[in-house]
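The sequence and the structure come first.

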Amino acid sequence: MVAFYYEEPSHTFGEYLLVPGYSSTQCMPANVSLRTPLVRFKKGEEPKISLNIPMTSAIMQAVSDDRMAIALAKEGGISFIFGSQTPEQEAAMVKRVKSYKSGFVSSDSNIKPTMTLGEILALKEATGHSTMAVTEDGTPTGKLLGIVTSRDYRVTRMPMDTKAEEFMTPFSKLVYADADTTLSEANDLIWSNKLNMLPLVDKTQRLRYMVFRKDYTDNKDNELELVDGSKRYIVGAGINTRDYAERVPALLKAGADVLCIDSSEGYSEWQRITLQYIHEHFPEAKVGAGNVVDRDGFRFLAEAGADFVKVGIGGGSICITRETKGIGRGQATAIIDVVKARDEYYKETGVYVPVCSDGGIVHDYHMTLALAMGADFMMLGRYFSRFDESPTDKVKINGTFYKEYWGEGSNRARNWQRYDLGGDRKLSFEEGVDSYVPYAGPLRDNVHITLSKVRSTMCNCGALTIKELQEKAKLTLVSSVSIVEGGSHDVILKDKFSSR
């Protein structure tokens with residue numbers, strides 16, 4: 001007996017280009033739809049959940065918390081909140097996302113009346129929130145004593161030890177409403193009183209919610225926002241194959257719309273057992289699985305009941321699985337192989353199981369290539385880690401801003417469950433690194449630019465939908481010389497002179 005050898009080498013996205021196709025007069029970026037299925041569905045039926053853009057954020061400490069989930073849902077995608085925390089902590093993040101869209105925001109920047117201006121400025125720097133509720137005990141639901149905004153103090157003229165009670169807007173001067181006020185009524189009060197925020201309190205003056213003017217205007221600006229039947233943002237959550245019996249019920253109770261098993265290698269009996277438990281105890285729950293890189297892995301997870309399958313091992317920018325263990329496959333080849341298996345499965349069973357491309361995205365155009373090769377959507381880590389909304393610190397190094405970014409297989413994350421092969425509950429060796437990525441600003445601006453490129457390229461291929469792109473796309477492998485030719489060459493760039 002000898003090992004099985006693949007005849008062709010595996011390739012990644014950087015080795016392919018799209019060849020333009022015929023573009024009709026209708027092929028304009030404004031006409032392109034990026035809607036795509038998130039979970040399995042039967043032929044002739046609509047999926048229970050679809051994405052308005054083919055982007056999900058990775059199940060990582062350095063990427064996906066509730067703030068990221070809200071920002072991405074506004075643009076039409078979904079975040080999978082990281083599972084390498086306690087079930088209670090993860091469920092709390094899910095709950096915050098589900099309560100956000102309704103317009104009634106739970107206060108998460110709260111201060112005591114004895115807090116100093118210096119402490120308030122430090123909290124503002126940490127959270128990015130300029131409006132803070134002053135409660136008797138400093139909790140989100142304490143007795144509301146006042147509000148502090150940036151208009152209540154002048155940093156240049158006030159000592160840093162000035163207490164909040166000395167400069168806050170006291171409750172007696174606030175416009176507020178009862179806790180049972182409807183969102184429509186709250187918005188009317190905001191507009192008629194020219195407010196930026198309206199606090200909602202109960203009969204004992206305890207703070208319940210805050211309604212912000214910006215949420216109303218945001219709602220008007222986000223045409224692609226991803227919401228459920230109750231107009232709440234859709235959110236996903238990561239789980240593992242160890243504590244699912246405790247974690248899954250907590251996440252579903254908190255309102256998670258879809259779950260995903262977070263594992264470095266999905267072709268495993270552990271994943272089948274986890275999927276079986278979820279479908280037996282929570283038949284309406286949606287759960288993705290992975291990661292796999294070939295036909296056999298896809299078939300195993302599809303037959304085990306996965307609602308989508310993640311593809312990719314070792315292709316992430318912070319992943320060193322291939323270096324450490326010699327396991328993986330070029331991302332483009334893995335996608336092509338798995339997509340063939342997905343289409344075979346659909347033809348045989350009439351059940352379509354979406355494919356998620358996870359890893360290997362270096363440039364924006366790699367996303368278009370992944371879609372053209374058959375992926376239904378992408379899961380992105382490094383891409384989203386660069387933005388304001390990621391949960392990591394922004395640091396300045398040699399005059400340039402960066403964001404911290406670390407892998408779930410790194411010592412810092414200590415997410416041993418993701419690499420669990422049974423046995424001791426520990427991280428035996430690292431499969432991810434701790435790093436920095438260049439800071440890129442707000443998520444919204446960057447996503448809009450990226451998707452503009454995707455839509456434009458789709459038009460070059462004569463496609464107005466992702467399905468049409470997959471049917472019409474023509475792809476070619478390129479040589480190393482072609483790759484060099486594709487960038488600027490044989491010229492001297494002007495910035496070379498301006499930097500001297």
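A residue counts as buried when its relative accessible area is under 20%, and as exposed when that area is over 50%. The model discussed here is a predicted one. Ser263, with a relative accessibility of 9%, falls under the 20% limit and is therefore buried. Ser263 sits in the loop that runs between strand S15 (258-261) and helix H8 (269-281), and a polar atom of its side chain lies 3.0 Å from the backbone oxygen of Glu265.

Helix H12, which spans residues 364-372, is largely enclosed by the rest of the structure, because 8 of its 9 residues are buried. The buried residues of H12 are Asp364, His366, Met367, Thr368, Leu369, Ala370, Leu371 and Ala372. Just after this helix, Gly374 adopts a positive phi of about 120°.

What does the side chain of Asp376 reach by polar contact? One partner is the side chain of Arg342, at 2.9 Å, and another is the backbone nitrogen of Val355, at 2.7 Å. Once neighbours within four places in sequence are set aside, the residues in contact with Asp376 are Thr36, Pro37, Pro54, Arg342, Tyr352, Pro354, Val355, Leu371 and Ile466; among them, Leu371 is one of the buried residues of H12.

**Tyr345 in helix H11**

Tyr345 belongs to helix H11 (residues 331-349) and is buried, its relative accessible area being 8%. When residues up to four places away in sequence are not counted, Tyr345 touches Arg40, Phe298, Arg299, Ala302, Glu303, Gly350, Val351 and Val353.

**Packing of H1 and H14**

Helix H1 (residues 66-75) packs with helix H14 (residues 443-460) at an angle of about 40°, and the two axes are 10 Å apart. This angle makes H1 oblique to H14, and the crossing of the two helices is right-handed. On the side of H1 the contact is made by Met68, Ala71, Leu72 and Glu75, and on the side of H14 by Leu443, Arg444, Val447 and His448. Sorted by class, the contact comprises 5 nonpolar, 1 polar and 2 charged residues. In general, residues three or four places apart in an α-helix point the same way, because the helix has 3.6 residues a turn.

**Backbone geometry**

| Residue | Phi | Loop |
|---|---|---|
| Gln205 | about 70° | between strand S12 (197-201) and strand S13 (207-212) |
| Lys231 | about 65° | between helix H6 (213-221) and strand S14 (236-239) |

Is Lys231 buried or exposed? With a relative accessible area of 55%, Lys231 is exposed. A further backbone feature is the cis peptide bond that joins Gly290 and Asn291, with an omega of about 10°; Asn291 itself lies in strand S16 (residues 287-292).

Conventions
Residues are numbered from 1 along each chain as its sequence is written. This is a predicted model: local features need pLDDT of at least 70, side-chain atom pairs count only at pLDDT 80 or more; totals for chains, interfaces and linings use all residues. Side-chain values use heavy atoms; hydrogens and water are left out. Helices (H or I, at least four residues) and strands (E, at least two) are DSSP runs, numbered from the N terminus. Buried means under 20% relative accessible area, exposed over 50%, partly exposed in between (1.4 Å probe, protein chains only). A polar contact is a pair of N or O atoms within 3.5 Å; within protein, one must be able to donate a hydrogen and the other to accept it, and residues adjacent in sequence count only if both atoms are side-chain atoms. Axes are lines fitted to C-alpha atoms, for helices over the stretch in contact, and angles run from 0 to 180 degrees between N-to-C directions. Angles under 35 degrees count as roughly parallel, over 145 as roughly antiparallel, 65 to 115 as roughly perpendicular and the rest as oblique. A crossing is left-handed if the near helix is turned anticlockwise from the far one by less than a right angle, and right-handed if clockwise. Contact means heavy atoms within 4.5 Å. Ala, Val, Leu, Ile, Met, Phe, Trp, Tyr, Cys and Pro count as nonpolar, Asp, Glu, Lys and Arg as charged, and the others, Gly among them, as polar.
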